[in-house]
Amino acid sequence: MERDMRIVVCIKQVPETTEVKLDPATGTLKRDGVASVMNPFDLFALEAALRVREATGGQLVAITMGPPQAAEVIKEAIGYGVDEGLLISDPAFAGSDTLATTTVLAAAIRHLGGADLVVCGKQAIDGDTAQVGPGLAARLGMGHVAFVKAIREVDESKIVVERQSDTGYEVVEMALPGLITVLREIGTPRPPSLKGKMRAKRYQVPNVGAGELGVKPEEVGLKGSPTQVVKIFTPPPVGERRMIEGPEESAGRQVVDILVEGKVISLGG
Amino acid sequence: MDRAIVNERKCTGCGACEEACPFGVITVEDELAVVGEGCTLCGACEDVCPEGAISVPQREQEGAAEQASGVWVFAEQREGVVPGVVFELLGVGRRLAEALGEELGAVLVGHEVGELAGELIAWGADVVYVADDPALKHFREDMYAEVLARAIRAKRPAIVLAGATAIGRSLMPRVQVLVGTGLTADCTGLEIDQERRILLQTRPAFGGNIMATIECPVRRPQMATVRPRVMKRLGRDSARTGRVERLELEELSSVIQVLEVVRALEDDVDLAAADVVVTGGRGLGSAEGFKLVRELAEALGGVVGATRGAVDAGWIGHAHQVGQTGKTVAPKLYIALGVSGAVQHVVGMQAAETIVAVNTDPNARIFEVAHYGIVGDLYKVVPAMLERLKELRGA
């Protein structure tokens with residue numbers, strides 16, 4: 001190949017708490033002003049990507065799509081040791097569903113000049129869909145293996161992994177360029193290094209928007225999203241509810257009596 | 001929307017697509033075709049490519065929604081075994097197909113799987129589309145996605161459902177992009193809006209205590225995944241008839257090889273079959289708390305469950321997780337200890353016949369679903385419960 005191996009790790013900034021507010025006008029998440037963290041699964045993706053770079057050499061780039069404050073997770077990734085980072089941010093991207101997100105991320109990876117290996121976490125804890133990884137691979141015209149619990153071998157032409165299944169796992173080999181999504185089992189994330197943290201402080205995160213990526217408005221954001229949320233509601237509470245009052249010891253005894261009487265518990269054991 | 005996709009492995013840089021493109025948006029750089037802005041998805045490049053290295057996502061057509069017809073279920077199989085979720089999907093699929101007045105199809109992909117077609121028909125399919133080839137023996141993400149995407153382009157179903165299993169969750173998002181449509185994961189509810197004849201997909205959302213209803217009004221098919229045991233199967237009827245159609249399979253290739261299949265369950269917990277589930281959440285405070293949870297579970301002849309919070313904290317294995325991204329259970333008795341009751345957990349256990357909750361927070365959402373609630377310290381409540389059980393049994 002003409003260039004060194006390039007590994008891209010996709011990371012996302014997600015709200016820290018479950019008390020997320022919705023923008024009433026658009027029905028999309030208001031991400032500004034809410035405490036944010038790196039998506040926990042992406043820490044594992046970072047760790048996997050760092051280990052691959054140790055094995056193959058080359059360049060490791062962290063990319064994130066989000067509002068301007070998402071630059072923070074890029075700086076965090078620099079602290080962990082990635083070589084470069086990229087923030088992909090544009091008001092036009094707001095409200096993107098998973099399909100529109102894959103369009104933007106693929107355009108960003110093309111903008112970087114392509115990747116030999118793309119590493120993603122299994123899913124983001126806010127959307128919880130686990131769709132972007134596999135979809136991005138399809139968009140880039142490369143193979144993917146999802147739910148990777150271990151990397152056995154990797155070089156610039158192939159990767160051999162353990163892919164978790166519902167009945168165990170498979171050992172799978174994929175020719176590169178390719179994409180993997182990883183599970184916690186991939187390994188314990190190393191802490192950021194002092195050198196990394198110092199570099200992160202000084203690091204100016206480059207930003208690209210719709211213009212630089214050449215994506216059309218109808219491909220991204222709400223317009224580029226075939227799915228839309230039409231209703232939000234709190235699930236109705238269930239029927240008969242009874243609180244058992246009093247000190248814990250008596251409440252504990254009482255609930256057992258109620259369950260025995262109602263034949264929910266059998267004393268036969 | 002978007003543009004033709006180049007498979008970098010297959011592209012030889014021959015330039016046939018560059019010549020064929022009526023809009024001049026394809027260039028060959030470094031022996032690789034690059035599709036630029038202005039692609040209209042006309043498909044001229046796909047038609048001329050000798051390597052099959054360029055393809056066009058299903059383009060938006062006027063009236064795509066009207067032209068699409070039929071409900072499909074991806075009938076996943078692993079070594080000739082179809083998991084229960086497929087039959088549950090045939091159950092909900094049947095209901096959706098009837099609401100639309102359309103056919104229910106199952107798509108079966110593998111090698112020597114033809115005999116399974118009869119089962120799929122017995123459980124509700126009107127037609128089974130079979131893709132049978134030695135190359136399809138093991139699940140390979142790119143090849144399976146290509147087979148399903150081609151079938152979708154050829155037959156134009158309105159709805160495609162799959163289990164949110166290890167296979168389904170890897171396959172469907174890939175197909176989503178190949179076909180250029182919307183996908184909603186982990187749906188807990190599926191209904192037809194009769195007036196507009198579209199699918200209403202409901203799932204917990206936004207990391208909080210909210211449910212969302214999602215639509216894919218224009219693009220087809222509308223795709224959704226559903227976790228096991230969320231939907232109910234209909235009855236099996238061996239008298240049901242249906243037809244089998246073989247899918248065309250030419251020129252399939254893959255960059256993936258399955259080298260070894262290992263059967264191993266890290267921690268065998270049959271949550272789904274248990275009559276009694278005692279679940280520990282973050283309120284336990286530590287991994288040690290699960291000792292007490294286990295004690296109560298054993299005293300009641302049940303199994304131990306866990307919330308995602310407890311699993312993420314590393315206190316217990318994922319096999320015990322109950323909830324949207326864990327297992328769905330419907331036991332006779334569900335006891336939630338130190339569980340807040342976030343909607344993603346509740347959707348996994350709300351069908352339990354009797355729900356008991358113990359939590360120090362009187363505003364915990366779990367109390368809205370529990371039949372019996374105790375506000376208090378579980379480390380005092382549970383020992384009292386165990387004592388009372390002992391007393392009653394000793395007597």
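Student: How many disulfides does the structure hold over all chains?

Tutor: The structure holds zero disulfides over all chains, a disulfide being a pair of cysteine sulfur atoms within 2.5 Å. Please note that this is a predicted model, in which local features need pLDDT of at least 70, side-chain atom pairs count only at pLDDT 80 or more, and totals for chains, interfaces and linings use all residues. Residues are numbered from 1 along each chain as its sequence is written, chains are lettered from A and ligands numbered from 1 in the order in which they are written, and side-chain values use heavy atoms, with hydrogens and water left out.

Student: Are Cys120(A) and Cys187(B) buried or exposed?

Tutor: Cys120(A) is buried, at 5% relative accessibility, and Cys187(B) is buried as well, at 1%. Buried means under 20% relative accessible area, exposed over 50%, and partly exposed in between (1.4 Å probe, protein chains only).

Student: What does Arg197(B) meet in a salt bridge?

Tutor: Its side chain meets that of Glu102(B), at 2.9 Å from N to O. The pair links distant parts of the chain, 95 residues apart: Arg197(B) is in the loop between β10 (189-193) and β11 (198-205) of chain B, and Glu102(B) is in the loop between α4 (84-100) and β6 (104-110) of chain B. Helices (H or I, at least four residues) and strands (E, at least two) are DSSP runs, numbered from the N terminus. Arg197(B) is partly exposed at 39%, whereas Glu102(B) is buried at 17%.

Student: What about Arg196(B)?

Tutor: Arg196(B) forms a salt bridge with Glu215(B), at 2.5 Å from N to O. Arg196(B) lies in the loop between β10 and β11 of chain B and Glu215(B) in strand β12 (residues 210-215) of chain B, so the bridge ties together parts that are 19 residues apart in sequence. Arg196(B) has a relative accessible area of 42% and is partly exposed, while Glu215(B) is buried at 5%.

Student: Where do Asp312(B) and Arg308(B) sit?

Tutor: Both are in helix α9 (residues 308-312) of chain B; being four residues apart, they are separated by about one helical turn. Asp312(B) is partly exposed at 33%, and Arg308(B) is partly exposed at 21%.

Student: Which residues do salt bridges with shared partners join into one network?

Tutor: Glu47(A), Arg51(A), Glu54(A) and Arg190(A) are joined in this way.

Student: Changing topic, where is Asp126(A) placed?

Tutor: Asp126(A) is in the loop between β6 (117-121) and α4 (132-140) of chain A, and is buried at 9% relative accessibility. The C-alpha atoms of Asp126(A) and Glu16(A) are separated by 9.2 Å, although the residues are 110 apart along the chain.

Conventions. Salt bridge = Lys/Arg side-chain N within 4 Å of Asp/Glu carboxyl O.
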